[in-house]
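Here is my note for you as you look through this structure. Keep the 3D view open and find each residue as it comes up.

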Protein chains: 2
Amino acid sequence: MSTYSLTPTSYLVLGCLASAGPSTPYELKQAVAESVGYFWSFPHSQLYSEPARMTAAGLVQEEREEGGRRRRVFSITAVGRAALDDWLTQPTAGLPDIRDVGLLKLFFGDLVGPDEVNALAVAQRGAHEERLKLYEGLFSGPPQSAAESTIGLGIAWERAAAAFWASIAENPPKPT
Amino acid sequence: MSTYSLTPTSYLVLGCLASAGPSTPYELKQAVAESVGYFWSFPHSQLYSEPARMTAAGLVQEEREEGGRRRRVFSITAVGRAALDDWLTQPTAGLPDIRDVGLLKLFFGDLVGPDEVNALAVAQRGAHEERLKLYEGLFSGPPQSAAESTIGLGIAWERAAAAFWASIAENPPKPT
DNA sequence: CCTATCATGTAATCCGTTACATGATTAT
DNA sequence: ATAATCATGTAACGGATTACATGATAGG
């Protein structure tokens, strides 16, 4: 047997197929772009290769449309659904790395100078505030689903990050 | 010419070499583990392969110790330092994805049920609080350097995330 | 009709991870 | 001595990104 293992991307695709029903890669791309893609993005090519890999593993099955373009339509199998449920049922206490390029530059800020750190802080603050506005404009009322509730963490993160960079800009760290 | 391009990991290594001076991969590993590794971690094997790649590109040079174990010692070259300064000087307005596995599970929470979502929220809240305590214990006074100031974002993030998951646990999203 | 954009897909490369493996050093 | 742990390194695999490429549709 192969050492095939499912990545978060795999489960993302499985979850989308379970939620939205049979989909073409392009439909997946669109669905991802306006929802989960806000906090977990990747290029569209993976929405072609990942279902293909999972088809080989039996978690997903592929059909072709009859007429016209004969696009591929993927749907989740019972095996795939079981794997997804297994994964969703494990609570996951692990935390992600922040892996923020701006923060990495700040970390090495002493190698350059306060001006460069300040420019970085201003740029980062602006970007976070912009993203915050985008998030705040997405929904009006309280979240209507678990999926919608995820935006809350996005908003909290952007607020925290914008405030952090503002404080860096106001009170730049000076090396001793 | 090769299409060699520097990744954030490359700059991380360059920055460590610029900050700490010539280092062996193991010294890099230790330095990373107790500082930048808190928000940008990777396995130690990359601290062997990455300097090797950069040596080929002329950004870093390698020497071997004389006696005993003849370990590799890497040091940044003038070319490497210039590349690092270039990178540090560009302000980087780009934002990272959150890419949080727990958040991904929450996103698909409607596929399982409120109990599973609650268990997830409790586990995530606990993990974030634990990490928060770790961060808060690292330094006593105000940050003494740009590097130390990065912990501020870590703390802000953990607080925001812990509060978010607490709110999910208290007020679980119910699908309509 | 022509062209710009959307839609759909493939190929190749490479970074990052996982796994393996072996020298040194310390403790008992 | 010998086990255990720390230190150091390599090999191989595969997922993720980048780049390329072509088919449809709509607008002018």
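This is a predicted model: local features need pLDDT of at least 70, side-chain atom pairs count only at pLDDT 80 or more; totals for chains, interfaces and linings use all residues.

**Notes on DNA strand D and the cavities**

1. Let's start at a phosphate: an N or O atom in the side chain of Arg71(B) lies 2.4 Å from a phosphate oxygen of DNA strand D.

2. Residues are numbered from 1 along each chain as its sequence is written, chains are lettered from A and ligands numbered from 1 in the order in which they are written, and side-chain values use heavy atoms, with hydrogens and water left out.

3. A polar side-chain atom of Ser45(A) is 3.1 Å from a base oxygen, and a side-chain N or O atom of His44(B) is 3.3 Å from a base oxygen.

4. Now widen the view: 18 residues surround DNA strand D, and Arg71(B) is among the closest, along with Gln46(A), Arg53(A), Tyr26(B) and Arg72(B). Being near means having a heavy atom within 4 Å of the strand.

5. What classes of residue make up the surface near DNA strand D? There are 5 nonpolar, 7 polar and 6 charged residues. Here Ala, Val, Leu, Ile, Met, Phe, Trp, Tyr, Cys and Pro count as nonpolar, Asp, Glu, Lys and Arg as charged, and the others, Gly among them, as polar.

6. A cavity is a set of points, on a 1 Å grid over the protein atoms alone, where a 1.4 Å probe fits but cannot get out; lining residues have an atom within 4 Å of a point. A volume is the space filled by probe spheres set on the points, which are joined across faces, edges and corners.

7. The largest cavity holds about 80 Å³ of space. Its lining includes Trp157(A) and Trp157(B), and divides into 6 nonpolar, no polar and 2 charged residues.

8. The second largest cavity has a volume of about 50 Å³. Phe108(A) and Leu88(B) are among its lining residues.

Methods
A polar contact is a pair of N or O atoms within 3.5 Å; within protein, one must be able to donate a hydrogen and the other to accept it, and residues adjacent in sequence count only if both atoms are side-chain atoms. On a 1 Å grid over the protein atoms alone, a cavity is a set of points where a 1.4 Å probe fits but cannot get out, and a pocket is an open set with protein on both sides within 12 Å along at least five of seven lines; lining residues have an atom within 4 Å of a point.
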